[in-house]
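Thanks for coming. I will go through one model today, and I will keep to what can be computed from its atoms.

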Amino acid sequence: MPDGRQRQGLRDVKKQSWGSSSPMGEADPTHGRRREKGEEGTRAETAHKPISFSSSTMSTEEDAKWLQWVTHQFETIAGKDGEINLQEFKAALNVKESFFAERFFTLFDSDGSGTITLQELRDALTLLIHGDPMDKLKFLFQVYDVDVRHSMQWLGTGESAGGEWGPGQVPTRLHPHVGTGSGSIDVDELRTVLQSCMRESAISLPEEKLDQLTLALFESADKDCNGAITFDELRDELQRFPGVMENLTISAAHWLTPPASRPPRRRPRPLTSAYWHNHRSHLLCLAVYAGLHVLLFALAAHAHRALGPSVMVAKGCGQCLNFDCSFIAVLMLRRGLTWLRATWLAQVLPLDQNIQFHQLMGYVVVALSLVHTVAHVVNFALQAQSEASPFRFWELLLTTRPGIGWVHGSASPTGVALLLLLLLMLACSSSCIRRSGHFEVFYWTHLSYLPMWILLILHGPNFWKWLLVPGILFFLEKIIGLAMSRMAALCIVEVNLLPSKVTHLLIERPPLFHYRPGDYLYLNVPSIALYEWHPFTISSAPEQKDTIWLHVRSEGQWTNRLYESFKTSRPADCGSKQLSRSLRKRRSQRRPQVSEMSSENHLFCNIKCYIDGPYGTPTRRIFASEHAVLIGAGIGITPFASILQSIVHRHQKRKHICPSCQHSWMDSIQDEDMKLHKVDFIWINRDQRSFEWFVSLLTKLEMDQAEMAQEGPFLELHMYMTSALGKNDMKAIGLQMALDLLAKKEKKDSITGLQTRTQPGRPDWNKVFQKVAAEKKGKVQVFFCGSPALAKVLKGHCEQFGFKFFQENF
């Protein structure tokens, strides 16, 4: 925190004259950072898109198309007078902070009329695209020179101001037409600019921290210590950051950036070794599954070949349905799958894709059922047309009179009921139902598998044989799970209400509840919903014996009710039993806290709940990896919070320090399955406050790293904030430079307080994976928890680099 002398310096430093203004402008903005849509689609991802044209690659045809696009967009915004005023300009740029819109507007308004004409806009943007890096720097300087009102006057190779420019001709000079200005940036102007940069990047820091950032950048740039930053000093400061000056862009709304034609999506070639390495178990199971269906269909059809083609098709589909409708339950035996993960079969079977196979099998059941029904309808129609048949078509289809089936001729009506139930289950299982706050609809309709199995036993004479073993396993698991979850009620003992409506629950841990890092459980809170069970990843490490941590993001009806029940009013059981509450408080103070919470957001409770689990996930493979890359997007950090704590705990158990010489070494013998040589953890968050979820935990991990051996960090953190603009954006470059300078000085990041510097925007995955591959720490396995859209991007990069990819699913 700056002392009184520093704060006085912010007021007393005077600027000195720079002299006459110089040519300025901006050009050659290279392709800006592409903001991938996904879990984390944000306003910043759609509202801040840089002009993405380069003078070195932009052809005359592309230039003409771009100017045509700008003209079209201008005409949709401008009124009948054909001009854009300041308010329209702000709306078009869609900026959070009006400072930059006003500065750009003033510089674009060449005649000082208070409006921008189409010609003024085209002239300004042409200069900003085709100028050299020095033009961009001079434009940036005049944006920062707050007390000077500049506008554009065009001199040089083109025609007079307001004229058209011929091929290869661009405006070459801009100078102020109102006032001469100081031509330098003082400390107060710089503070104003950095404050606006913070608002543009959705960064909130205390006033004292803003003062420190301002002084750090000002003192670094003001080489002659005369109390003002000149153009040459700003240029020299930017040159300390390689590539920034050449790649400066002006972040603008979509109306300045024409819609790019999407290149065809490149799919990985199945014959490549990388694709086979990542999908071999999946592809083999699919091949076995398809081959089994062909075999079952062929055998059943051949056995009924004397009854005609329609019966052959119906019987073939029916035999496949016997297998599918029984085996589909096996894919949801969570306890059995968790047990299999600890065996060698985890290397052979695609256990991580059990839900995808379950969904695939569901679609196959629907398709086979439709074909099976149509084939029988065709057969019934042919029978009804036969003179020898005593039954009409509707009797064959809807009644028991024809005696079709082995239980009182009920095959036809049970078949119709089965098809209706199946279509209802399919409709209510769609993502639009499950993710739109109607989970109860999905849950209750999915329970119709019980009447469906009963109907299938009545419908087909052989189905009970197929269901016998899977059905017994299924009901055994359900009975065991119900007995264990309801054996004893547990209590939620503490609640932390975290930013972005995340509820951090601390639940007392049962004595026999043994889990591994990354596992998840099902939670039931009767006071919220009596019959609803929802899965959540355990965010505490197994080494923590007293409590289980859960972090619940409010995204649906149940999770929102959970959060609001603590936010709006204190639950009835909260605050009672003062002695036990005091004891829990003392114990909680001994445990590492997730974040510093105010008293109104931190409650001690005694709320009844039930848990079912634990269940395994793909992240169990992490400890068998050599080089693990953990990527969490938003609340997707939860499985890795548990894993990171456990990894450091295991790593420290292998470390020894000589009490005499302080030499440290690691045991060559590792624990049961710990093969890790290096861990890279990448956390991508939308905004600054989301880092508060686990900042205390990450701080502790960094402190532990500082005490480890000197051969290099075993655990490396990488933090990204997607709402923050990057160093190549004119609205953020000053702030990012100041953050870098202050981080080097204080040895910690101003945004999170970690030693790791928070990077603006999204990761450049190609560079990230290139760095990982260059470290050569062993076979790389990438583990991801976040949005499916980002998962597809990461999966493609992993296949390119030959990394194994695992995605968190449940």
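Predicted model: local features only at pLDDT ≥ 70, side-chain atom pairs only at ≥ 80, totals over all residues.

A salt bridge here is a side-chain nitrogen of Lys or Arg within 4 Å of a carboxyl oxygen of Asp or Glu. Residues are numbered from 1 along each chain as its sequence is written, and side-chain values use heavy atoms, with hydrogens and water left out.

Back to Arg757 and Asp749: are they buried or exposed? Buried means under 20% relative accessible area, exposed over 50%, and partly exposed in between, with a 1.4 Å probe and protein chains only. Arg757 has 13% relative accessibility and counts as buried; Asp749, at 1%, is buried as well.

The count of salt bridges comes to 17. Another of them joins Lys771 to Glu716, with the closest N and O atoms 3.5 Å apart. Lys771 lies in helix 26 (residues 765-775) and Glu716 in strand 15 (residues 715-721), so this pair ties together parts that are 55 residues apart in sequence. Helices (H or I, at least four residues) and strands (E, at least two) are DSSP runs, numbered from the N terminus. Lys771 also forms a salt bridge with Glu775, at 3.0 Å between the closest N and O atoms. Those two are four residues apart in helix 26, about one helical turn. Both are partly exposed: Lys771 at 40%, Glu775 at 22%. Which residues make up the network here? Salt bridges link Lys678, Asp680, Glu716, Lys771 and Glu775.

Next, the nonpolar core, defined as a set of buried Ala, Val, Leu, Ile, Met, Phe, Trp, Tyr and Cys residues joined through side-chain atoms within 4.5 Å. The largest one has 90 residues, and those touching the most other members are Tyr144, Ile622, Leu630, Phe681, Trp683, Leu698 and Leu715. Take Leu630: beyond four places in sequence, its contacts (heavy atoms within 4.5 Å) include Ile622, Phe640, Phe681 and Phe783. Asp680, a member of the salt-bridge network, is in contact with Leu630 too.

On to the rings. Rings of Phe, Tyr and Trp (its six-membered ring) pair if their centres lie within 6.5 Å; planes under 30 degrees apart count as stacked, over 60 as edge-to-face and the rest as tilted. There are 22 aromatic pairs. In one of them, Tyr449 and Trp453 are edge-to-face, with centres 5.4 Å apart and 70 degrees between the planes. Both sit in helix 19 (residues 449-459), four residues apart. Trp453 is buried at 8% relative accessibility. Ring pairs join Tyr449 and Trp453 with Phe474 and Phe475 in a cluster.

Now strand 5 (residues 490-498), where nine of nine residues are buried. Strands pair if DSSP finds at least two bridges between them. Strand 5 runs antiparallel to strand 10 (residues 602-615), with six bridges, and Ile492 has Ile607 as its bridge partner. Six bridges also join strand 5 to strand 6 (residues 502-508), again antiparallel, with Asn496 opposite His504. Strands 5 and 6 form a hairpin with three residues between them, and Ser500 in the turn has a positive phi of about 60 degrees.

Last, confidence. The mean pLDDT (the predictor's confidence in each residue, from 0 to 100) is 75, and 74% of residues score at least 70. It stays under 50 over residues 1-57 and over residues 148-181.
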